[in-house]
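Please keep the structure in view while reading.

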Amino acid sequence: MDSKQKYDFVKNRNKFFILSAAILIIGLVVMLTSGMNFGVDFKAGTNIDLVVGKQLDSAKVEEILHGLNTSGDVKSKYADPTIGGNNSDRVSIRFDDVLDDATVNKIQTAFATAYSAEVSKEINTVDPQLAKELLMKAVYAVAISSVLICLYVSIRFEWRFALAAIIAILHDAFIVIAMFAIFRFEVNLPFLAAVLTTIGYSINDKIVIFDRIRENLRFAKLKTDADLVALVNDSIWQTMARNINTVLVVLIAAGCLYLFGSESIKLFALAKLIGLTSGAYSSIFIACSLWYLFKRNSLSRSKKKVAA
């Protein structure tokens, strides 16, 4: 098929810029108004895992917790309890406050009495200072990885490629964050791991297309803006099959983790699915168009110098 008959990614770039901007703005508004739904890793509180040894019922679990709250034994607010385990015999409860040993023992005793069983517990507590420290380290990790990637691409290619790549991979990271903010998914340490790996996969897709653009530049004679548009579009189409096949393989793996994985890994897999999809999308529709805009400006300046 002739390149002129194929979809023109560069010409339609504004549609995708607007789509991405809309998602990011909505996510930012939600974050500013409602904040993120931080899990126990980034928010002070106590997470209690109780193994009862009998099949649990969500209604009865809620009744027990409501009774403890009403009687004043547990004054802290709690999130919706999560029932899991091989026989649905395990419940995980997240409290907004750091609970003392006496309160934890009351919760354990209440479940043991209600189910007439021996209950074992596992406690994870994060104090406010540690929560803030973990959150700041997460921000530093994303920032440092982005800067190092930018330096690598600058050395390996040129500053226009680096600038387009860094904007695109930050776009992918913030798309994941925005989706989790909009749909109120829990943000925890596995989520951070998913964001960092998203950056790694995302830059890999972009490097493939940028490398093809650089190769095509060696033999191209860019006299007009149309020549530059054609070069970018041709480079995208030449690497399309490779990018799609690579992303599909990883998407299938992440999808299987989400469908068949345990509750603790589902949010990680979901963040990966969002990040991989965003990475493939931004490589084709965002990063290359950004490079085109940067290159077009330099091409225009070169023409003006020649004319002068």
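## The largest pocket

A pocket is an open set of grid points where a 1.4 Å probe fits, with protein on both sides within 12 Å along at least five of seven lines. The model examined here is predicted. Its largest pocket has a volume of about 990 Å³. The lining consists of 32 residues, and Asn47, Thr82, Ser92, Glu186 and Glu263 lie nearest the centre.

Two or more lining residues come from each of strand 1 (37-38), strand 2 (45-51), strand 3 (82-84), strand 4 (90-95) and helix 8 (263-307). Helix 8 gives the most, with 5 residues. By class, the lining of the largest pocket holds 10 nonpolar, 11 polar and 11 charged residues.

## The second largest pocket

The second largest pocket contains about 350 Å³ of space. It is lined by 16 residues, and those nearest its centre are Leu135, Ala138, Val139, Ile177 and Phe191. Helix 4 (128-156), helix 5 (159-182) and helix 6 (189-219) each give two or more residues to this lining.

Which classes of residue form the lining of the second largest pocket? There are 16 nonpolar residues, with no polar and no charged ones.

Strands of a sheet pair through backbone hydrogen bonds, either parallel or antiparallel. In this model, 4 strands form an open sheet in the order 3-4-2-5, and the pairing is antiparallel. Strand 3 and strand 5 stand at the edges with a single partner strand each, so one side of each has no neighbour in the sheet. Direction ignored, neighbouring strands are turned by 15° against each other on average.

Strand 2 and strand 4 run antiparallel and are joined by 6 bridges. Asp49 stands opposite Ser92 in strand 4, and Ser92 is also among the residues nearest the centre of the largest pocket. Helix 3 packs on the sheet and touches strand 2, strand 4 and strand 5. The direction of helix 3 makes about 150° with that of strand 5.

## Two residues with positive phi

Most residues other than glycine have a negative phi. Ser116 has a positive phi, near 50°, and lies in the loop between helix 3 (101-115) and strand 5 (120-126). Ser116 counts as exposed because its relative accessibility is 61%, and exposed means over 50%.

Arg184, also not a glycine, has a positive phi of about 60°. Arg184 lies in the loop between helix 5 and strand 6 (186-187). With 34% relative accessibility, Arg184 counts as partly exposed.

Terms used: Residues are numbered from 1 along each chain as its sequence is written. This is a predicted model: local features need pLDDT of at least 70, side-chain atom pairs count only at pLDDT 80 or more; totals for chains, interfaces and linings use all residues. Side-chain values use heavy atoms; hydrogens and water are left out. On a 1 Å grid over the protein atoms alone, a cavity is a set of points where a 1.4 Å probe fits but cannot get out, and a pocket is an open set with protein on both sides within 12 Å along at least five of seven lines; lining residues have an atom within 4 Å of a point. Grid points are joined across faces, edges and corners, and a volume is the space filled by probe spheres set on the points. Ala, Val, Leu, Ile, Met, Phe, Trp, Tyr, Cys and Pro count as nonpolar, Asp, Glu, Lys and Arg as charged, and the others, Gly among them, as polar. Buried means under 20% relative accessible area, exposed over 50%, partly exposed in between (1.4 Å probe, protein chains only). Two strands pair if DSSP finds at least two bridges between them. Axes are lines fitted to C-alpha atoms, for helices over the stretch in contact, and angles run from 0 to 180 degrees between N-to-C directions. Contact means heavy atoms within 4.5 Å.
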